[in-house]
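Work through the exercises below with the model open. Try each task before reading its solution.

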Amino acid sequence: MQTLTTTSLQIRDNQLWILDQQALPQQKIWCPTPDVATLVDHIQTLRVRGAPLIGLSASLLLALLAEGGMPKPALSEALTVLRAARPTAVNLMNNLDRMKAALAAADHVSALVNEALRLVAEDNALCERIADAGLPLVPPGSRLLTHCNTGGLATAGVGTALGVIARAHQQGRIAQVWVGETRPLLQGGRLTAWELGELGVPLRLITDSMAASLMARGEVDAVWVGADRIAANGDVANKIGTYSLAVLAHYHGVPFYVAAPQTTLDRACPDGNAIPIEQRAASEVTGVAGSFGHVQWAPASTPVYNPAFDVTPAALISGWVLDSGVVTPAQVQAGAFRP
Ligand code: MRU
């Protein structure tokens, strides 16, 4: 396959390489990803993460395996295993549905390669269009708050919510971005703080529990987040802690925007209750681990509740900023996301 480079994925020497997002920002390690078991491990340990990126990495690996001569039945089995790697972000399923159709083609090898490369190029273009659509919602002097990581690391382009923020910064509209650290895995503190710093965007890192007092002090003009799945009624699954921010924003009269590509839409999912929520290991809550080391503060046997995502009801969302434009609450109520 041709060489390819995004912020966190590479194809070189006919192999998939991923930038280890668990090691960032202290270390920049590119990991080889030769087979399905390795990619599933990368996805489940969040070395590869972010809704669009998970789907793209799975699609690229499948195409490379086909090129390497893996027979059709084995590719079909690989697709099924990859599809189940993480349950919440629907981009993985949406991308692999397209790869499944390519696998059915007579010349399935070139169909899979072309489709995987098309998905990457499309995601890049979708990010640009999201940034275009979101820009008018960011007036000059904006002090925005964001959660988790929705940037170039999580996509094949400039990102979703972070793409809007980066575009607004280029236009001189950003006074300040408040970056929520995003416990338990600290995607905000490790990844968003790093990405915004690289882009020269003025930022201040906060712990998740500081958002309420900032809003009460009038220091947040809008909240911008991404999405892992958008249901037909507009409910949004996103990184745990998103719902708390939406409740806080509603109480304080702060606009709350969700930015996502069409690959995050699940029209077949009626509402947030039907979105599968990934439960993760207790060790992520009893302590923390990364390239900075490992600490445990709670007793090892402490019972833990650790859902990776929560659902924000549509009623708390001011606008869904998609590649096709901004969808308003009235349009969502009228059925914009229904099948
Ligand atoms: O568990 P993660 O880090 O994969 O969760 C990612 C998020 O929740 C992001 O905010 C979302 O996928 C949008 S990425 C453009």
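**Exercise 1. Find how many residues surround the ligand, and list the closest.**

Solution. Start with the shell, where a residue counts as near if one of its heavy atoms lies within 4 Å of the molecule. The ligand is surrounded by 18 residues. The closest are Arg-49, Arg-86, Gln-187, Asp-228 and Lys-239. This is a predicted model: local features need pLDDT of at least 70, side-chain atom pairs count only at pLDDT 80 or more, and totals for chains, interfaces and linings use all residues. Residues are numbered from 1 along each chain as its sequence is written, and side-chain values use heavy atoms, with hydrogens and water left out.

Helix α2 and strand β10 (236–239) each supply at least two residues of the shell.

**Exercise 2. Locate the N or O atoms that lie 3.0 Å or 2.7 Å from a ligand oxygen.**

Solution. Take the backbone: an N or O atom of Ala-51 lies 3.0 Å from an oxygen atom of the ligand. Now the side chains. An N or O atom of the Asp-228 side chain is 2.7 Å from a ligand oxygen. For the Asn-238 side chain, the distance is 3.0 Å.

**Exercise 3. Is Ser-59 buried or exposed, and which residues is it in contact with?**

Solution. Ser-59 lies in helix α2 (residues 51–67). Its relative accessible area is 0%, so Ser-59 is buried (under 20%; exposed is over 50%, partly exposed in between; 1.4 Å probe, protein chains only). The Ser-59 side chain reaches the backbone oxygen of Gly-55 at 2.8 Å. Set aside neighbours within four places in sequence. Ser-59 is then in contact (heavy atoms within 4.5 Å) with Asn-95, Leu-96, Met-99, Ala-116 and Leu-119.

**Exercise 4. Pick out backbone exceptions to this rule: most residues other than glycine have a negative phi, and most peptide bonds are trans.**

Solution. First, the peptide bonds. Leu-24 and Pro-25 are joined by a cis bond, with omega about 0 degrees. Pro-25 sits in the loop between β3 (15–19) and β4 (30–33). Arg-183 and Pro-184 are also joined by a cis bond, with omega about 5 degrees. Pro-184 is in the loop between β6 (174–180) and α7 (187–199).

Second, phi. Asp-13 has a positive phi near 55 degrees, and Asn-14 has one of about 55 degrees. Asp-13 is exposed at 65% relative accessible area. Asn-14 counts as exposed at 52%.

Methods
Helices (H or I, at least four residues) and strands (E, at least two) are DSSP runs, numbered from the N terminus. A polar contact is a pair of N or O atoms within 3.5 Å; within protein, one must be able to donate a hydrogen and the other to accept it, and residues adjacent in sequence count only if both atoms are side-chain atoms.
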